[in-house]
Amino acid sequence: MDFKDLASRLGIDDDDFIELVELFVTTTLSDIAKIQKGVDDNSPADAAAASHSIKGASGNLGFDDIFALSRDMEMQAKQGSLEKFDQYIGDLEKMLDTIKIP
Amino acid sequence: MGNKHPYTVLVVDDNLMNLKLIEKSLSKEGYKIFCADNGPDARAIALEEKPNLILLDIEMPGENGFDVITKLKDNSETNSIPVIFLTGVIEVDSKLKGFDLGAVDYITKPFHPLEVLARVRIHLKLSIATNSLIAGQANKLRQVTNAQVAMMPTPEDHPEALFSVYYKALEEAGGDFYDILKISENITGYFVADSSGHDIETSYMTASVKALLAQNCTPVYSPVESMKMINDVLVEILPEGKYLTACYMHINRTTKRLTIINAGHPPVVYFPVGKDPYLIRTEGDILGMFKDAQFGSQTLKVSEGDKFLIYSDGLVESAKNKITWATGAGSLLPVYQKIAQESYEKIPGQLIEELFGGDDFPEDDIVVMCVKV
């Protein structure tokens with residue numbers, strides 16, 4: 001994961017980008033917890049809202065794989081289905097783990 | 001420098017990372033940013049601070065963006081603030097609903113910070129244009145009745161601007177003048193001009209231009225846009241035969257971008273750290289004569305420690321020796337090389353000493369300004 005390249009694409013300093021990534025990781029972990037709660041409470045609306053939040057933030061920073069998965073999760077949850085969400089949550093957490101802040 | 005409040009933008013998004021990204025992108029371009037992560041706080045800030053523009057996420061828990069804009073528009077104190085929606089929702093119905101509720105534009109997520117910046121600028125410009133800024137400025141300036149020589153700011157007045165200056169007027173109502181514009185915490189404008197004439201009308205013009213600079217050199221306008229707006233007003237109000245040559249230098253010390261706008265003025269001298277000085281040659285029309293004036297423009301990436309010299313033609317021209325600045329500017333390069341290692345505080349004085357230290361008195365007003373990045 002090339003942080004310099006991602007920062008450059010956004011037109012911001014490397015240090016600012018790292019600060020944003022740290023914030024992204026924190027907020028995404030919080031959103032993942034909300035998705036899990038949505039699954040536990042059988043509330044697709046809550047899961048969709050949290051997926052939407054991750055989608056927006058990851059897309060803005062250029063984390064395309066997290067963006068794609070959270071987009072699909074949002075669409076599925078908006079259609080009322082939480083099938084395979086436990087697996088998706090695990091996948092999201094793995095993707096988040098690959099973000100190694102220099 | 002005139003008193004100036006920065007343009008303010010309220011950003012509303014329940015995702016803290018999105019808030020931070022926009023805040024960082026816009027604040028380094030001179031905007032003051034307020035943030036809110038929910039609807040009620042956003043409305044409270046809008047009421048308190050009266051931001052110039054609001055960027056508003058739609059999908060938020062509790063009060064969503066549509067609820068927020070409806071309440072803002074219902075309040076006479078906030079209903080005129082332009083609102084741009086930030087949204088990941090792309091359905092046309094949603095967009096139409098937003099426009100019906102009073103939004104002026106949409107930015108779709110994921111967004112690029114430069115797109116956000118461009119849309120903020122355009123909508124602030126539209127907001128200003130609605131208030132008929134140019135007509136208002138021209139009317140006010142026609143009422144100027146005090147023929148006073150404009151105060152020239154000193155380096156002590158503005159230590160953050162990192163400049164030094166040598167200024168000498170040949171007669172009491174000098175034709176040369178300069179000004180320093182604090183556009184934002186990290187953006188400064190430097191303006192040096194030479195007006196035709198040395199009479200009472202020239203003093204009026206100086207005061208008018210200083211007022212126009214304060215009004216038009218803002219984060220909303222690019223440097224060339226600022227000069228074009230000033231030119232448009234000057235064309236309306238200047239008497240026949242009156243005009244200015246000018247150089248406007250705009251430095252963003254956070255992004256290290258420097259822009260030079262040339263309106264028929266001698267070229268700026270660039271002293272890059274560790275390298276030989278050279279002239280930045282751009283050509284442009286003079287100020288105040290043509291409605292469709294075209295100005296020379298150049299933008300550079302600069303480094304800390306780089307120095308720049310802006311000066312009036314009195315430094316290089318000589319009627320006696322039939323030298324104009326177009327031919328004379330380059331002849332001073334050896335002198336610039338000699339003084340290149342001096343501090344920015346000393347360069348103007350050193351230059352005057354080198355050129356006029358003997359018996360050669362200046363034939364015209366002189367402004368020599370040295371600026372350090």
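This is a predicted model: local features need pLDDT of at least 70, side-chain atom pairs count only at pLDDT 80 or more; totals for chains, interfaces and linings use all residues.
1. Strand 11 (residues 268–271) and strand 12 of chain B pair antiparallel, over three bridges. Pairing here needs at least two DSSP bridges between the strands, and strands are DSSP runs of E, at least two residues, numbered from the N terminus, as are helices (H or I, at least four).

2. Residues are numbered from 1 along each chain as its sequence is written, chains are lettered from A and ligands numbered from 1 in the order written, and side-chain values use heavy atoms, leaving out hydrogens and water.

3. Zooming out, chain B has an open, antiparallel sheet of five strands in the order 6-15-14-11-12. Its edges are strand 6 (163–168) and strand 12 (278–280) of chain B, each pairing on one side only.

4. Now the cores, meaning sets of buried Ala, Val, Leu, Ile, Met, Phe, Trp, Tyr and Cys joined through side-chain atoms within 4.5 Å, where buried is under 20% relative accessible area (1.4 Å probe, protein chains only). The largest has 56 residues; Phe17(A), Phe24(A), Ile35(A), Leu26(B), Tyr31(B) and Leu55(B) touch the most other members. Helix 2 (residues 14–40) of chain A gives the most to this core, nine residues.

5. There's also a second, separate core of 47 residues, with Met152(B), Phe163(B), Met227(B) and Ala263(B) among them.

Methods:
Buried means under 20% relative accessible area, exposed over 50%, partly exposed in between (1.4 Å probe, protein chains only).
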